[in-house]
Amino acid sequence: MGVPIAAWPMHSDQPRNSQLVTKFLKIGLNVRHWTRRDELVTSEIVEKAVRTLMASPDGDEMRKRASELSVSVKQSVMDGEGNGAEMDSFIAHITR
């Protein structure tokens, strides 16, 4: 959607996905790290994460990257362009 992500992994594939979002794509931050999942999360922790995303230089960079990634993803699945044709072919194949 073109906005940064406040990641809060709790189970399954979420810890790995949070790593993708925070360390590799750099379009978000962890509200609470997976290793601390059993600890109480206070309103101050959530507030700090939101403030970082919305009103800090780091947040500005994350928002910029998230917006750029959104444009790239949307372009990659447009009809007749690149992966869009492959996506259409795949959907047609699995819905036969």
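Biologist: What makes Arg-63 partly exposed?

Modeller: Its relative accessible area is 29%. Buried means under 20%, exposed means over 50%, and partly exposed lies in between, with a 1.4 Å probe and protein chains only. So Arg-63, at 29%, counts as partly exposed. This is a predicted model, where local features need pLDDT of at least 70, side-chain atom pairs count only at pLDDT 80 or more, and totals for chains, interfaces and linings use all residues. Residues are numbered from 1 along each chain as its sequence is written, and side-chain values use heavy atoms, with hydrogens and water left out.

Biologist: Why is the contact of Asp-60 with Arg-63 called a salt bridge?

Modeller: The closest N and O atoms are 2.2 Å apart. The rule asks for a side-chain nitrogen of Lys or Arg within 4 Å of a carboxyl oxygen of Asp or Glu. The pair therefore meets the rule. Asp-60 and Arg-63 are 3 residues apart in helix H3 (residues 57–76), so about one helical turn separates them. Asp-60 is partly exposed at 40%.

Biologist: Which other pair in helix H3 is separated by about one helical turn?

Modeller: Glu-61 and Arg-65, 4 residues apart. Their N to O distance is 3.7 Å, and they form a salt bridge. Glu-61 has 40% relative accessibility and Arg-65 has 27%. Both values lie between the cut-offs, so both residues are partly exposed.

Biologist: What makes Arg-51 exposed?

Modeller: Its relative accessible area is 54%. That passes the cut-off, so Arg-51 is exposed. Its salt-bridge partner is Glu-47, at 2.8 Å from N to O. Glu-47 is partly exposed, at 39%.

Biologist: How many salt bridges does the structure hold?

Modeller: There are 5. A network of them links Arg-32, Arg-36 and Glu-39.

Biologist: How do you know that Arg-37 lies over the face of Trp-34?

Modeller: Arg-37 is 3.8 Å from the ring centre. The rule wants NZ of Lys or CZ of Arg within 6 Å of the ring centre and within 35 degrees of the ring normal.

Biologist: What counts as a helix or a strand here?

Modeller: Both are DSSP runs, numbered from the N terminus: helices are H or I with at least four residues, strands are E with at least two. The chain comes to 4 helices and 2 strands. Along the sequence they follow the pattern β-α-β-α-α-α.
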